[in-house]
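Let's work through a couple of exercises on a protein model. Keep the sequence and the 3D view open as you go.

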Amino acid sequence: MDDFGRLLPDDYQLAGQVHHRLRRAHQRASAIFIDLIGDQLLTPTQWGALATLHAEGPLSQNQLGRLTYMDPATTQGVILRLVERNLVERQPDPQDRRRTSVRLTRIGQALVIDLMANAAAAHEQTLTPLSEEERVQFMSLLARLM
């Protein structure tokens, strides 16, 4: 380290870098989610879209992408896969025909309701190594990084 506490090039270790640790934590959280959600075809990103539509109601593709922090290409791909499974449907927005509105189908609505407890269990299992106090602190710190 130099006099300012910065790592010198010889001291750089990937395992100690925030991006590496966040990626590994994300991999672990995703694996737990996929294991517990109860639908092997449902990714965490797709679940985010379904849960957001359940909470918010019909949204434009743009709004859905913004609320779930997905770029437009990812949003479109997620929606297409969910449409293929008949979990969401797209319609021209009645207020603006240039815009597409996305909403849950009855099947999608039922799936979200059925899987909410599983998603909550995945959240809990991901945080299992932490005490209750550490969980609160960790979630707070993650919110600050976002």
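Two exercises with worked solutions follow.

This is a predicted model: local features need pLDDT of at least 70, side-chain atom pairs count only at pLDDT 80 or more, and totals for chains, interfaces and linings use all residues. Residues are numbered from 1 along each chain as its sequence is written, and side-chain values use heavy atoms, with hydrogens and water left out.

**Exercise 1.** Work out the strand order of the open sheet and find its edge strands.

*Solution.*
Step 1: Strands here are DSSP E runs of at least two residues and helices are H or I runs of at least four, numbered from the N terminus.
Step 2: The 3 strands line up as β1-β3-β2, with antiparallel pairing; two strands pair if DSSP finds at least two bridges between them.
Step 3: β1 (59–60) and β2 (88–92) each pair on one side only, so they are the edge strands.
Step 4: Check β1 against β3 (residues 100–104): 2 bridges join them, and L59 sits opposite V102.

**Exercise 2.** Find which helices pack on this sheet, and at what angles.

*Solution.*
Step 1: Contact means heavy atoms within 4.5 Å. Axes are lines fitted to C-alpha atoms (for helices, over the stretch in contact), and angles run from 0 to 180 degrees between N-to-C directions.
Step 2: α2 touches β1, β2 and β3, and its direction makes about 90° with that of β3.
Step 3: Helix α4 (residues 72–84) touches β2 and β3, and its direction makes about 115° with that of β2.
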